[in-house]
Amino acid sequence: MSDYILQVKNLHKVFTSKKISVKAVTDVSFNIVQGETIGIVGESGCGKTTLGRCIVRGIPATSGSVLYTAEDGETYDFLNIDRNKLKELRKDIQMIFQDPYSSLDPRMSVLDIIKEPLEANFPDMSKDEMEYKAIEIAAKVGLNTSYLKRYPHAFSGGQRQRIGIARALVTHPRLIVCDEPVSALDVSIQAQVINLLKDLQKDMGLTYIFISHDLSVVEHISDRVGVMYLGKMVEFAETEALFSKPMHPYTEALLSSVPVADPTVKMDRIPLKGEIPNPANPPSGCYFHERCSYFLDKCKEVSPEYCEIRQGREVACHRAEELDLRGFSYDE
Amino acid sequence: MDGKETIISVKNLKINIALDEGTLTAVRGVSFSIDKGETLGLVGESGCGKSLTCKAILGINDKKCSTEGEIFFDTDAEGEVDLLKLPPKGEQIRDVRGKQISMIFQEPMVCFSPMYTIGNQINESTRLHITKDKKKAKAISLDMMKKVGIANAEKRYDQYPHEFSGGMLQRALIAMALVCKPKLLIADEPTTALDVTIQAQILELIKELQKDLQMSVLFVTHDLGTVAKMCDRVAVMYLGKIIETGSVEQIYHDPKHPYTKGLLGSVHKIGTKKQERLFSIEGTVPLAMNLPSGCSFYDRCKDRIEGVCNVKEPEVLAIESNHTVSCHAVSRTIKGGSSIE
């Protein structure tokens, strides 16, 4: 039996059209232990969402494998199982989407929306039981159960996100891919939803993949964090280690750009040259070398290998060992 | 004010929106002023009336909105003028709009017309307000594009919006807003749609240009991080009212209003010890229609006093110089404060 609930191995996703092909996700590998939260951060267009969708098999990956260890201890390659097995395992891996306004069908009542995954995954379940389960989960995520016959438009953004969470939870999944679950919400509502996700994790033993561009949210919720740049994972480490002592220059620059909500903390930004390159035409060598302030000639030609430098720290940088990079200081 | 030159002062601004369901009071008596060279942050959650307030200053709100109150602006031509009294399509307000007060919007991607080149659109403002001479205007616009950090400005001048990235478009938008060297820049969530690294660049750019041009900035956002970095003073809005104002230090280190406290508490600060749970404000922002009497934050407030807070609306209370709060609970605990209207 595997120690991990999910192992992503050498996942690639290439989008091709007639003229160009874009490598959205290139050779991403990581493992997740049951009950932990993995944060995936990166700027727009870095392939975070594509990665999440490939994992839940929302879109087919080009190559690679996602090894899922089911409750019975068997490990399956989620990307290569047959239809019947997929149907059986789908209920274990669910997704929460970014935009609570467009991810709910406006013509279905909230109860029907929450019930739908049950209808798809448990065709033998009785109607009453489905309704019972849907109401139960709605109460759990803090929805007023007397409003479940209403339609999504009658709910606020935060409430809608709760509906999205209830829908993901109703099949009792073990792993949830949360794709920017709080980005569309107001600050005070964000805190509510994050607290809810944490409570549910404790209650139901959930494992999360938490995709977000908001570094402070990721830092708060994650046990380990992966940083993506242009489709590649450039660094992966435990949250505090990554935020206090980044080992990839991109992580350092990203951290230094975060505005901290405290006027006494002065922003000492490490300037990034230029902009994110076009993923259809990525630079040679290390994808980041054009914007890096530490690059050597070697970086222009040879792409650095993504490897474990120290226990639990994976980095893709030629100079990872020698550089002393700046992060946040964690003082008690 | 303290011998400083006040650029704009908004007094008791009220905005009503006529809807089919009834009248929605979106802004309910907002007052603030901005000094020369100062940055005021207007913070609040969606729907609290931040954007409407900004647009009211320029007189570009929808026809459905009716605006009351006074907005005194120190115009070039005639000194202090109440902008709300000017005819919305008249010459006077058009001389202010885009020239003396300009605005940067939230989504640079939708602010440009896709049919015209970037240069053409920046030039529109130059030619309207500065010079009719095409060559001179182009030179001024190009100069501004270089100033905001658009590389290859000559080439970029003839490109269309779709050829620009989000960050570059925001730079172009800033160039367009600043080409006439306005006295007041209204930045309505200028970096919300951008990535962190780009956001940091844009914020620094706005700060630099502000120093260069001696501008005042009204910085509107819901992101408390950027406010801490950008502003001198902060005004916190809730449901169409300013509930607390103060310097950034006062607001961030010594917040008084329960809502401000909650807002600050619900943001996790990187580099601090991990709290298990974030502080969160209960409930959601109520709809600004048929508001109950008393304090509008009553339902969600932790410090509410029954029989007081739900009966009477709190008055503005000055705690220290420049630090004002509207809250019954605060005014009970602080005896030294004096009530001002």
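A: Let's start with how a helix gets a direction: an axis is a line fitted to C-alpha atoms, for helices over the stretch in contact, and angles run from 0 to 180 degrees between N-to-C directions. Helices (H or I, at least four residues) and strands (E, at least two) are DSSP runs, numbered from the N terminus. What you have here is a predicted model, where local features need pLDDT of at least 70, side-chain atom pairs count only at pLDDT 80 or more, and totals for chains, interfaces and linings use all residues. Residues are numbered from 1 along each chain as its sequence is written, while chains are lettered from A and ligands numbered from 1 in the order in which they are written.

Q: Now chain A. How are α3(A) and α5(A) turned to each other, and which residues meet?

A: Helix α5 (residues 157-169) of chain A packs on α3(A) at about 30°, with 7 Å between the axes. That's why α3(A) and α5(A) also count as roughly parallel to each other. From α3(A), A:Val110, A:Ile113, A:Ile114 and A:Pro117 meet A:Ile163, A:Ala166 and A:Arg167 of α5(A). Sorted by type, the contact of α3(A) with α5(A) has six nonpolar residues, no polar ones and one charged.

Q: And how does α3(A) pack on α4(A)?

A: Helix α3 (residues 110-121) and helix α4 (residues 127-140) of chain A pack at an angle of about 120°, their axes being 9 Å apart. That makes α3(A) oblique to α4(A). A:Leu111, A:Ile114, A:Lys115, A:Leu118 and A:Glu119 of α3(A) face partners in α4(A), including A:Met130, A:Lys133 and A:Ile137. Count up the contact of α3(A) with α4(A) and you get seven nonpolar, no polar and four charged residues.

Q: Let's move to sheets. In what order do the strands of the four-stranded sheet of chain A run?

A: Strands pair if DSSP finds at least two bridges between them. In chain A, β2-β1-β4-β5 is the order of an open sheet of four strands, with antiparallel pairing. β2 (21-33) and β5 (75-77) of chain A stand at the edges with a single partner strand each, so one side of each has no neighbour in the sheet. From one strand to the next, the twist averages 15°. Zoom in on β1 (residues 4-16) of chain A: nine bridges join it to β2(A), and the two run antiparallel. A:Tyr4, for one, has A:Val33 in β2(A) as its bridge partner.

Q: Is A:Val22 buried, exposed or partly exposed, and what does it touch?

A: Buried means 20 or more other C-beta atoms within 10 Å of a residue's own, exposed 12 or fewer, and partly exposed in between, with C-beta atoms placed from the backbone. A:Val22 sits in β2 of chain A. With 18 other C-beta atoms within 10 Å, A:Val22 is partly exposed. Leaving out residues up to four places away in sequence, A:Val22 touches A:Val14, A:Phe15, A:Pro279 and A:Ala280. A:Gly231 is 209 residues from A:Val22 in sequence, but their C-alpha atoms are 9.6 Å apart.

Q: Which strands stand at the edges of the eight-stranded sheet of chain A?

A: That open sheet runs β6-β7-β8-β3-β9-β10-β12-β11 (chain A), with mixed pairing. Its edge strands are β6 and β11 (307-310) of chain A, each pairing on one side only. Yet both faces of β6 (residues 93-96) of chain A are covered: A:Ile93 and A:Met95 on one side, A:Gln94 and A:Ile96 on the other, are all buried. Four bridges link β6(A) to β7 (residues 175-179) of chain A, running parallel, and A:Ile96 stands opposite A:Cys178 in β7(A).

Q: Last one: how many residues of chain B are in contact with chain A?

A: 34 residues of chain B, and they contact 38 residues of chain A. α9(B) gives the largest share of the chain B side, five residues.

Definitions and conventions
Angles under 35 degrees count as roughly parallel, over 145 as roughly antiparallel, 65 to 115 as roughly perpendicular and the rest as oblique. Two residues are in contact if their C-beta atoms, placed from the backbone, lie within 7 Å. Ala, Val, Leu, Ile, Met, Phe, Trp, Tyr, Cys and Pro count as nonpolar, Asp, Glu, Lys and Arg as charged, and the others, Gly among them, as polar.
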